[in-house]
Amino acid sequence: MVEYIFRRLLYGGIVLFIMVIFIFVVMRAIPGDVVMLQLADASNVSEAQIAALKTELGLDKSIVSQFMDWLKGIFQGDFGKSLWSNRSVTEMIAARLPVTLELTFLSSIIAIFIGIPIGVISAVKHNTWTDHLLRIVSIGGISIPNFWIGLVLLLLLSLVFNWIPPLGYQSFTANPIVNMQQMLLPAFCLAITLCASIVRMTRSSVLEIMHADFIRTVRSKGVKESIVVYKHSLRNSLISVITIIGLQIGTLLGGAVVIESIFSLPGLGNLIFEAVNSRDYPNCSSFRSYLRCNVFTCEFACRYYLWLD
Amino acid sequence: MQSVQIETEQQVVVKKHARLLKFLHDCKHFIITQKIGFVSILIILVMIAIAIFAPVIAPYDPISQNREAILTGPNAEHIMGTDDLGRDVFSRIVYGARISILVGFGSILLAIVIGTILGLVSGYFGGIIDMVIQRIMDAILAIPALILALFIASLLGPAVQNVIIAIVIISIPQFARIVRGEMLRVREMNFVEASRAIGANPFRILLKHGLPNMLAPIIVVASLGFGAAIIAEASLSFLGIGTPPPNPSWGLMLSNASRYMETAPWLVIFPGLALALLVLALNLLGDALRDFWDPKLSL
C-alpha cells in the first residue's frame, strides 16, 4: 500500500510538472502582451515607458529565469502577484474560492439526491418503459448544454414570475436568503450534468450486482425485495458511483466558466477567464497548478477508497 | 495454374458478398433491437442533409442585415423571427448546422486518428514509450476540458480551424486510453502471438490484428465525443473565443441572444433547441451502439 501511494504521488508529481511547464509556455505564447494591454490607454507611449513597466513587472528577464523565479516562489508558498492589480494571487484565489466551493457543494448535493434514486429505479425496472424514459432523460441531461438550460430558466423566471435573481454575489453568512436566490439556479444547472452521469453509473452498477450470485442467495432466503435492492445491491454498487462523483467534483472545482459568466458569479472559472483574457501570467499559471492539486486529491481520495474496499 | 487463379478470385468475391450480407444482417438487427438508436440515426442524417443543402433550404442570406425587420417575433415571413441586426434566425440556424457539424466531425476524425496511433503504439510497445504517452494524456485530462480549450483557443485566436485544433487536443486522451486498453487485451490473444512468432512486423500486427478488433469501442466513443465536441464549440463561441462573428454559429447566436432575452425570447430558444436535438441524437446513438455491440462495455 505504501508503495502504491508513493507511486501515485510520483506520477501525480510528474503530471503536475508537465502541466506547469505547459501552461507557463502557453501563456507566454498567447499573442498580445500584458505591457501593451496595460499601456493601451495612454495615447503616446515611449520606449522608455515600456522598458520601465517591463522591469517593474519582472518581464525583462529571460523566460527561463522568470520560470525559475516563479517555481522558487511556489515552493515557498508564494504564487506571485497579479500583473494588473498588484494583489497576490493567493489572495485573489482566496477571495473567489468560497463561491466555487459553495457552488460545487450545492450542485453535488442536488445531483446525488436526485441521481441515485433515479438510477436505482431505472435498474430495478430494467427494460420497461420507465427505464427507457429515464434513460432518455438522463442522456438528455448530458446532451443539453447546461448554459442553455441556465438561459431558459432565467427566461422562464423573468417571463412567468417577472423576477430575476439579484446579480453579483453575497456570502451566505452575510445574507442567506439573497445568497440562496443567487446560487440555487446555477447550482441546479451544474447539477443536471453531474446528475446524468450519476444516474448512468448507478444504473449499470446496480444492474451488474443484481445479477451476482450472492444476490440470488439473499433472495432465496426470502428477504424482502426492497431490502435486497437498498441494502445489498445499492451498497455494493456505491463504490463506482462515488468514484464518478469524485472525478466530477474535481472538474466542478476547476470552475464552471460558462455558468459563472451567465449568472455573473465571481467564482474561480470567471477569474481564470479574466486572467487568460488580460494575459495575467502569474495569475493563470498558479491557479491551474493549484486546481490540478485539487483534482489530484479528489482522484486520489477515490482511489484510496477503492483500495479500502 | 490458371484454374487456381480463377478459383481464388471467386473465393474473394464470395467472401466480399458474405461480408456485405453480414453487414446488412447486422443493420437489420440494429434497427429491430435499437429503435431509439435508429431514430437518432435518422435525425442525424436529416441534420447533415440540412447542413449540406443549406443554400437551398435557407430562405434568406444568414449574414445580410435588414434594418426594416429588427427583433421581429416569429411570423409568416421569418418563421423563427429575426435578431438585433434583422438577420433571419431560421437561415442562421440552417447555416449554423454547417459549422457545428464541420467542427464536430473534423475534430473527432483528427482526434481518432491521432489518439488511435498513440494508443496503439502505447499499448503494443509498453515500457517507457507507454509511460511517457500516458503521463502526457494524464496531464491533458487533469485540466478541465473546457478550460484547456479556452487556453488553446485564445492562444490561437478566434477562427473555426483553431476551435477544431483546441477540441482535437482535449479529445485525444479518451481515444488513446480506450485504444491502449484494447491493444493490451488483443496483444495477449493467441493469434497475435502466433503472427509475432512467424515474424510479422509490428506495423502489420497493429493494422491487421489490432485495429479491426477495437473498431466497436472506437465508434462508440467517437459518437459520444462528437456530441461533446459540438457542445465545446458552442461553449467557446458563447464565451466569444470560438467561431468569430458574423458567422452563424449556434453558440454565438445564444451569446448574442442573452442580451435581448426579455424582449426576444425566440433568439434564446431556437438555436438551443437545434443544438440540444443534434447532441441528444448523437449521444442516444452512441448509447444504442454500445448496447448493440457489448452491453458490458463500460465507457
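Q: If two residues are in contact when their C-beta atoms, placed from the backbone, lie within 7 Å, what percentage of the contacts in chain B between residues at least 6 apart in sequence join residues at least 24 apart?
A: This is a predicted model, and in its chain B the share is 70% of the contacts between residues at least 6 apart in sequence.

Q: What percentage of the residues in chain B are buried?
A: A residue is buried if 20 or more other C-beta atoms lie within 10 Å of its own. Of the 299 residues in chain B, 45% are buried. In α5(B), the buried residues include B:Q134, B:M137 and B:D138, together with B:A139, B:I140, B:L141 and B:A142.

Q: What does the span of α5(B) from its first C-alpha to its last look like beside the expected one?
A: With 16 residues, α5(B) reaches 22 Å from its first C-alpha to its last, which is close to the 22 Å expected at 1.5 Å a residue.

Q: At what angle do α7(B) and α10(B) pack, and how far apart are their axes?
A: Helix α7, residues 160–187 of chain B, packs against α10(B) at an angle of about 160°, and the two axes are 10 Å apart. Because angles over 145 degrees count as roughly antiparallel, α7(B) is roughly antiparallel to α10(B). The crossing in which α7(B) passes α10(B) is right-handed.

Q: Which residues meet where α7(B) and α10(B) touch?
A: From α7(B) come, among others, B:V163, B:I167, B:F175 and B:I178, while the residues they meet in α10(B) include B:P217, B:I218, B:V221 and B:L236. The residues of this contact of α7(B) with α10(B) divide into 11 nonpolar, 3 polar and 2 charged.

Q: How many residues does each chain bring to the contact between chain B and chain A?
A: Chain B brings 35 residues and chain A brings 38 residues. On the side of chain B that touches chain A, at least two residues each are supplied by α5 (127–142), α6 (145–156), α10 (215–239) and α12 (266–293). The largest share of that side, 9 residues, comes from α12(B).

Q: What kinds of residue make up the side of chain B that touches chain A?
A: Those residues divide into 23 nonpolar, 8 polar and 4 charged.

Notes:
Residues numbered from 1 in each chain as written. Chains lettered and ligands numbered in written order. Predicted model: local features only at pLDDT ≥ 70, side-chain atom pairs only at ≥ 80, totals over all residues. Helix = DSSP H or I, 4+ residues; strand = E, 2+ residues; numbered from the N terminus. Nonpolar A, V, L, I, M, F, W, Y, C, P; charged D, E, K, R; others polar. Buried ≥ 20, exposed ≤ 12 C-beta atoms within 10 Å, placed from the backbone. Axes fitted to C-alpha atoms, helices over the stretch in contact; angles between N-to-C directions. Parallel < 35°, antiparallel > 145°, perpendicular 65-115°, else oblique. Left-handed = near helix turned anticlockwise from the far one by under 90°. Expected span 1.5 Å × (residues − 1).
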